[in-house]
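Subject: Structure handover

Hello,

The structure we spoke about is below, for your files. My notes on it follow.

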Amino acid sequence: MFAPRDPDEYLLETERRVIRIRRHWSCLAWDMFEALALIAICVMVSYILPPAMWIVQNILWYLALVVVLRFAYKVIEWWVERLVVTDKRFIMTTGVWTTKVLMMPITKVTDLTYERTFWGRMLGYGTTVVESAGQIQALNRIEYLPRPEEFYDTISDLVFGDKQKQAERFSMIKAQRAARGKKRMVG
């Protein structure tokens with residue numbers, strides 16, 4: 001009831017899901033560093049203060065609890081954010097309390113760029129810039145993508161690849177799924 005909708009629920013019957021990913025865990029690195037540093041400061045100051053300042057110590061411990069809760073919320077936000085690419089569009093769902101669905105048709109893509117920083121190469125993430133006919137779209141810059149080469153190659157194939165082969169592959173996959181569904185009903 002309170003969980004955000006699964007991104008696959010937004011897909012049409014005629015769409016084929018090609019990619020479904022969550023951003024790389026390293027997008028939480030700064031938040032984790034920030035939380036650990038603030039907690040360490042609260043604990044150190046709390047132990048340095050004399051016992052007579054118990055009110056200030058309590059406030060510091062509550063502050064540390066707020067920092068932990070804030071970081072937990074950031075992790076939950078990261079967990080529910082999904083990017084789904086179908087043969088027709090990009091869909092990104094975000095939000096814990098309010099779900100936000102970003103969408104961009106594949107047909108609008110005119111240019112793809114992907115970047116990897118030093119840390120991106122070390123940890124396995126990158127950034128993809130999706131440009132479309134002179135417009136800034138909601139999904140213009142997608143950061144912290146895991147396995148960015150595979151993502152780039154797959155999107156390039158969808159946008160610039162042979163449409164006839166893609167249609168044949170899609171109809172073959174649909175036929176295989178239908179055949180598997182019939183076998184389950186019989187068995």
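A residue is called partly exposed here when its relative accessible area falls between the buried limit, under 20%, and the exposed limit, over 50%. Arg 20, with a relative accessible area of 27%, is therefore partly exposed. Please keep in mind that this is a predicted model.

Salt bridges

The count of salt bridges comes to nine. One of them joins the side chains of Arg 20 and Asp 8, with an N to O distance of 2.9 Å. Arg 20 belongs to strand S1, residues 17-21, while Asp 8 sits in the segment before S1, so this pair ties together parts that lie 12 residues apart in sequence.

A second salt bridge is formed by Glu 149 and Arg 116, whose closest N and O atoms are 2.4 Å apart. This pair links distant parts of the chain, 33 residues apart. Glu 149 is in helix H4, residues 148-160, and Arg 116 is in the loop between strand S5, residues 111-115, and helix H3. Both partners are partly exposed: the relative accessible area is 32% for Glu 149 and 22% for Arg 116.

Glu 150 also takes part in a salt bridge, with Arg 147 as its partner and 3.5 Å between the closest N and O atoms. Glu 150 is partly exposed at a relative accessible area of 47%, and Arg 147 is partly exposed with a value of 47% as well. As for shared partners, salt bridges join Asp 8, Arg 17 and Arg 20 into one network.

Nonpolar patch

Which residues form a nonpolar patch on the surface? They are Trp 25, Phe 118, Trp 119, Met 122 and Leu 123, and together they have about 590 Å² of accessible area. Phe 118 is found in helix H3, which covers residues 118-123. The relative accessible area of Phe 118 is 46%, and Phe 118 is thus partly exposed. A patch residue needs over 30% relative accessible area, so Phe 118, at 46%, passes that cut-off.

Regards

How values were computed. Residues numbered from 1 in each chain as written. Predicted model: local features only at pLDDT ≥ 70, side-chain atom pairs only at ≥ 80, totals over all residues. Heavy atoms only, no water. Patch = residues over 30% accessible without salt bridge, like charges linked within 9 Å, V, L, I, M, F, W, Y side chains within 5 Å. Areas by Shrake-Rupley, 256 points an atom, 1.4 Å probe, with all protein chains shown as cover. Salt bridge = Lys/Arg side-chain N within 4 Å of Asp/Glu carboxyl O. Helix = DSSP H or I, 4+ residues; strand = E, 2+ residues; numbered from the N terminus. Buried < 20%, exposed > 50% of the residue type's maximum accessible area, 1.4 Å probe, protein only.
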